[in-house]
Amino acid sequence: MEYVSSAGNISQEEFLAIAGSNGTYGGDGGGGGGGGSLLGGTIAAMLNETLGSAAAASAAAAAGAAGTASGEGGAGENLTILHGTYPSGYTLPHIIIASIIVTILMIVIVVGNMLVIIAIATEKTLKNIQNWFIASLAVADFFLGLVIMPFSLANELMGYWIFGNWWCDIHSAMDVLLCTSSIMNLCLISLDRYWSITKAIEYLKSRTPARAAFMIAAVWIMSALVCIPPLLGWKAKRPEGHVELPQCQVGTQRNPQLEHFQCGSKL
């Protein structure tokens with residue numbers, strides 16, 4: 001018996017010639033020929049349908065494989081949105097809601113601390129030594145809301161850093177500086193209140209403007225000593241070459257010793 005070498009449609013005459021030459025069916029006289037012709041036409045149609053389905057399935061499989069390969073090749077070209085989410089894992093509605101809420105919070109922080117600074121600087125009744133510590137705290141929180149939080153919000157919502165390596169270093173150092181000074185100013189205010197109660201007469205006599213200024217300067221100098229080392233090279237090296245999604249982190253990838261001092265980028 002002869003075989004068909006390639007998948008595809010064959011005509012009724014070709015099928016009848018193959019089947020008739022091998023005696024697969026037959027008939028006597030004209031009636032037999034007519035019955036054989038009908039049977040041959042039915043079998044040929046069935047075979048054509050089967051072969052056509054197989055060819056279509058093979059083409060679909062090839063197209064699917066090609067689509068998968070092209071999808072893998074194009075994955076690096078579109079890393080921003082995947083299944084409706086960003087590299088950070090947030091969806092667009094989450095990003096919009098978080099942006100609105102945190103933006104309102106930043107406005108309250110900036111405006112509130114700015115009013116505190118203006119009030120202490122302009123009102124004579126507020127220009128006492130104990131309010132200097134509050135003004136120092138307000139300055140730290142003011143710049144934290146103005147300089148640190150907007151970029152940290154963008155980094156958190158997008159999942160990667162788009163502002164460059166230089167600003168990453170400056171931003172991280174200022175983040176540590178302002179957060180550390182804010183914490184230490186709170187400690188200074190607590191000590192001032194404690195000594196004012198427990199040693200009211202002695203402390204109030206010794207709390208001169210010069211000593212208060214020295215205490216505030218000591219807070220900012222100690223905070224600066226914590227944030228300066230990364231700017232001088234004490235940090236983890238960034239991966240060289242092209243990076244699809246650059247990161248800016250003080251903790252795990254850059255300087256593990258400063259992880260607990262970074263608060264502005266942890267919204």
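Mentor: Before we look at this predicted model, recall that helix axes are lines fitted to C-alpha atoms over the stretch in contact, and that the angle between them runs from 0 to 180 degrees between N-to-C directions. With that in hand, helix α3 (residues 92-122) and helix α4 (residues 129-158) pack at an angle of about 160 degrees, their axes lying 9 Å apart.

Trainee: Why are α3 and α4 called roughly antiparallel to each other?

Mentor: Angles over 145 degrees count as roughly antiparallel, and the angle between these two helices is about 160 degrees, so α3 and α4 belong in that class. As for handedness, α3 passes α4 in a left-handed crossing, and the residues of the contact, sorted by class, are 21 nonpolar, five polar and one charged.

Trainee: How do you know that α5 and α7 are roughly antiparallel to each other?

Mentor: The reasoning follows the cut-off of 145 degrees again: the axes of helix α5 (residues 165-198) and helix α7 (residues 209-231) come within 8 Å and cross at roughly 155 degrees, and α5 and α7 are therefore roughly antiparallel. Here, however, α5 passes α7 in a right-handed crossing.

Trainee: Which residues make the contact of α5 with α7?

Mentor: Among them are Ile-170, Ala-173, Leu-177, Met-184, Leu-188 and Trp-195 of α5, together with Ile-216, Val-219, Trp-220, Val-226 and Leu-231 of α7. By class, this contact has 17 nonpolar, four polar and one charged residues.

Trainee: What makes Gln-130 partly exposed rather than buried or exposed?

Mentor: Buried means under 20% relative accessible area and exposed means over 50%; Gln-130, with a relative accessible area of 30%, falls in between and is therefore partly exposed. This residue is found in helix α4, and, leaving aside residues up to four places away in sequence, Gln-130 touches Asp-192, Arg-193 and Arg-207.

Trainee: How far apart are Gln-130 and Ala-212 in sequence and in space?

Mentor: They are separated by 82 residues along the sequence, whereas their C-alpha atoms are 8.3 Å apart.

Trainee: Which residues does the UniProt annotation "transmembrane region" cover?

Mentor: According to the unreviewed UniProt entry, that annotation covers residues 95-120, 132-153, 173-191 and 212-232, and such annotations may be inferred rather than shown by experiment.

Trainee: What is the helix content over residues 95-120, and what is it over residues 212-232?

Mentor: Over residues 95-120 the model is 100% helix and 0% strand, with the end C-alpha atoms 37 Å apart; over residues 212-232 the chain is 95% helix and 0% strand, and the corresponding end C-alpha atoms are 30 Å apart.

Technical notes: Residues numbered from 1 in each chain as written. Predicted model: local features only at pLDDT ≥ 70, side-chain atom pairs only at ≥ 80, totals over all residues. Heavy atoms only, no water. Helix = DSSP H or I, 4+ residues; strand = E, 2+ residues; numbered from the N terminus. Parallel < 35°, antiparallel > 145°, perpendicular 65-115°, else oblique. Left-handed = near helix turned anticlockwise from the far one by under 90°. Contact = heavy atoms within 4.5 Å. Nonpolar A, V, L, I, M, F, W, Y, C, P; charged D, E, K, R; others polar. Buried < 20%, exposed > 50% of the residue type's maximum accessible area, 1.4 Å probe, protein only.
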